[in-house]
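Visitor: Could you walk me through this structure one feature at a time? I would like to learn how each kind of feature is read.

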Amino acid sequence: MRSHAEKTSDLERVRRNTHLALLVALASAVHTIEAAIPSPIPWLKFGFANILTLTAISLYDFWAGLTVAFLRIMVGSLIIGSFLTPSFFIGLSGGIASALVMGISYRFLGGVFSLVGISVLGAYASNMAQIGTVYLLFIRHSEVFMLLPVFLGFGLITGIINGIGGEFLVGHIKKLPAFKAVV
Amino acid sequence: MLTISDKILIISLTILTLFSYSIASGGRQGDEIRIEADGKVIGTFSLRKDGLHEIKGVLGASRIEVKGGKTSFLSSPCKNKLCVHQGEINKSGQMAACLPNRVVVRVLGGDGDYDALTR
């Protein structure tokens, strides 16, 4: 007969994994739909899937966010057929960088910034990582960094939009009975 | 929803972005020009020394002038004269080209200036 405490921690783990699986599935769907939206510069996207990364960080922790970002990019790129192409690596570097920065800044600055601030920081990290990856792997020319202001300006806008989206989503999720027990 | 620190963060990042824009778009005065004709490098010439270069292209001779640290196409045997209308260029990385005559002028030098942005 197992103790009550063990059962509770088991339940928590199952609940966490289920929630993360749901977030990964949602994020992959968003990633896939977003790939259909045309954009003047291939890597310049709204990154709405980051709302789900942000949600995972807010509901759980740093690792949850990293898991959702990584799996979303894997599954999403397999669906849209960009797996192992340049845009996959660019997206992967951006996704991981933003999950890292958002996770760490939520952990230490969560009380100072709302999810909007966290999301903006993540968008900046993502765009810088993307430009860095473009430079390191694809276009070895310093003129690539001329694009940085465009990316950063765009990141500011998408960061704010995604942050607001994250606030709404987390606000709604916290009201759901299934999530109430965790948060 | 936005906290005060959010607003401060957004405003300071906006300023940072505008600042980086002025760095990236400003460019640096180039040191020299490299002229290519039909894909082959004809030569590199200093931007500090005024001069006139006659470059034989596919259609005929393009005249490229260097004056006061800037360079421009004076004339070219092409139809639409886009190269001549482009006017003077002097920033590193800038380029003027007469595509029909296959003559390209690039401004070089001052490269490696963007390292500060990667930090």
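Visitor: Among contacts in chain B between residues at least 6 apart in sequence, what share joins residues at least 24 apart?

Guide: Contact here means heavy atoms within 4.5 Å. In chain B, 37% of the contacts between residues at least 6 apart in sequence join residues at least 24 apart. Please keep in mind that this is a predicted model, in which local features need pLDDT of at least 70, side-chain atom pairs count only at pLDDT 80 or more, and totals for chains, interfaces and linings use all residues. Residues are numbered from 1 along each chain as its sequence is written, chains are lettered from A and ligands numbered from 1 in the order in which they are written, and side-chain values use heavy atoms, with hydrogens and water left out.

Visitor: How many helices and strands are there in chain B?

Guide: Helices (H or I, at least four residues) and strands (E, at least two) are DSSP runs, numbered from the N terminus. Chain B has 3 helices and 7 strands, and along the sequence they follow the pattern α-β-β-β-β-β-α-β-β-α.

Visitor: Which order do the strands of the open sheet in chain B have?

Guide: Two strands pair if DSSP finds at least two bridges between them. The open sheet of chain B has 4 strands in the order β2-β1-β7-β6, with antiparallel pairing. Its edge strands are β2 and β6 (95-98), each pairing on one side only. On average, neighbouring strands of this sheet are turned by 15° against each other, direction ignored.

Visitor: Where can I see the pairing residue by residue?

Guide: Start with β1 (residues 32-37) and β2 (residues 40-46) of chain B, which are antiparallel over 6 bridges. Glu32(B) stands opposite Ser46(B) in β2(B). These two strands form a hairpin with 2 residues between them, and Asp38(B) in the turn has a positive phi of about 50°. Then look at β6(B), joined by 4 bridges to β7 (residues 103-108) of chain B, again antiparallel. Here Cys98(B) stands opposite Val103(B) in β7(B).

Visitor: How do I read two packed helices?

Guide: Two packed helices are described by the angle between their axes and the distance between the axes. Axes are lines fitted to C-alpha atoms, for helices over the stretch in contact, and angles run from 0 to 180 degrees between N-to-C directions. In chain A, the axes of α2 (residues 50-59) and α4 (residues 86-109) come within 10 Å and cross at roughly 35°. The residues in contact include Leu54(A) and Ile57(A) of α2(A) and Met102(A) and Tyr106(A) of α4(A).

Visitor: Why does Leu44(A) count as buried?

Guide: Buried means under 20% relative accessible area, exposed over 50%, partly exposed in between (1.4 Å probe, protein chains only). Leu44(A) counts as buried because its relative accessibility is 10%. Leu44(A) is in the loop between α1 (4-35) and α2 of chain A, and it touches Ser39(A), Phe151(A) and Phe154(A), not counting residues up to four places away in sequence. Leu44(A) and Phe151(A) are 107 residues apart in sequence and 7.2 Å apart in space, C-alpha to C-alpha.

Visitor: Which residues of the largest nonpolar core touch the most other members?

Guide: A nonpolar core is a set of buried Ala, Val, Leu, Ile, Met, Phe, Trp, Tyr and Cys residues joined through side-chain atoms within 4.5 Å. In the largest core, of 23 residues, Val120(A), Tyr124(A), Ile131(A) and Leu13(B) touch the most other members. The largest share, 7 residues, comes from α5(A).
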